[in-house]
Amino acid sequence: MDSAVTGLLAAVVGVGGTLGSAWLTQRRGDTLRREEWERLERARQAELAAQQRQSGREARRTAYTELNAAARHYLATLNDHAHVLRIEGDAAESLAALETARVDYRRRYAEAQMIVPDAVLAEVRKVDKEVGSVYGSLARVTRDRPRDGDDLDTVRTVIGQGWRHLSEMRAAMRTDLDVTGPTHG
């Protein structure tokens, strides 16, 4: 081979090597940028998921606090109304307070149904069943249309069960919020 061809071949190989090196460097840079973008996107998604979990937890905490307070107030108002009926007092004022507590409780209960997990909702439903039963009995007794079993002694027993179910509901809520561990006993 003559030296011109050898020189040309060396120049082509040199230019090819230079261009190939630049291409490989560019490709490696693109790969590193893509990997960095994917890592940042995963971190962003994880942060967004953590924020959503925290937001859901805060929404549940607010709903739990409001439902617990409304249920306690409603149950206490039911008890007060039963006491008024027992002493044969004027039930009109007591009934008005009861209706106000009932409306507030029903609103809080409806809100909770949309955001609480099933395990907590099962406990909430127990309380709802108790207060609904007591309300129905007291409403019928107040209107002088009681059914069998609609007496103030039965109401007193059911109110006691309602307080126990309320404690169980509160424990389930606290467990869901990681405020305390599951109750033992």
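## A polar link at N68

The side chain of N68 makes a polar contact with the side chain of R170, at 3.5 Å. A polar contact is a pair of N or O atoms within 3.5 Å; within protein, one must be able to donate a hydrogen and the other to accept it, and residues adjacent in sequence count only if both atoms are side-chain atoms. This is a predicted model: local features need pLDDT of at least 70, side-chain atom pairs count only at pLDDT 80 or more, and totals for chains, interfaces and linings use all residues. Residues are numbered from 1 along each chain as its sequence is written, and side-chain values use heavy atoms, leaving out hydrogens and water.

N68 lies in helix α1. N68 is buried, with a relative accessible area of 15% (buried means under 20%, with a 1.4 Å probe and protein chains only). Beyond residues up to four places away in sequence, N68 touches L166, M169 and R170 (contact means heavy atoms within 4.5 Å).

## α1 against α4

Helix α1 covers residues 3-86 and helix α4 residues 152-176. Their axes lie 11 Å apart, at an angle of about 170 degrees. That makes α1 roughly antiparallel to α4 (over 145 degrees). Their contact holds 15 nonpolar, three polar and six charged residues.

## α1 against α3

Helix α3 spans residues 118-142. The axes of α1 and α3 come within 10 Å and cross at roughly 25 degrees. The two helices are therefore roughly parallel (under 35 degrees). Residues in this contact divide into 16 nonpolar, two polar and no charged. Among those that meet are Y64, L67 and A71 in α1, and V120, V124 and V127 in α3.

Definitions and conventions
Axes are lines fitted to C-alpha atoms, for helices over the stretch in contact, and angles run from 0 to 180 degrees between N-to-C directions. Helices (H or I, at least four residues) and strands (E, at least two) are DSSP runs, numbered from the N terminus. Angles under 35 degrees count as roughly parallel, over 145 as roughly antiparallel, 65 to 115 as roughly perpendicular and the rest as oblique. Ala, Val, Leu, Ile, Met, Phe, Trp, Tyr, Cys and Pro count as nonpolar, Asp, Glu, Lys and Arg as charged, and the others, Gly among them, as polar. Buried means under 20% relative accessible area, exposed over 50%, partly exposed in between (1.4 Å probe, protein chains only).
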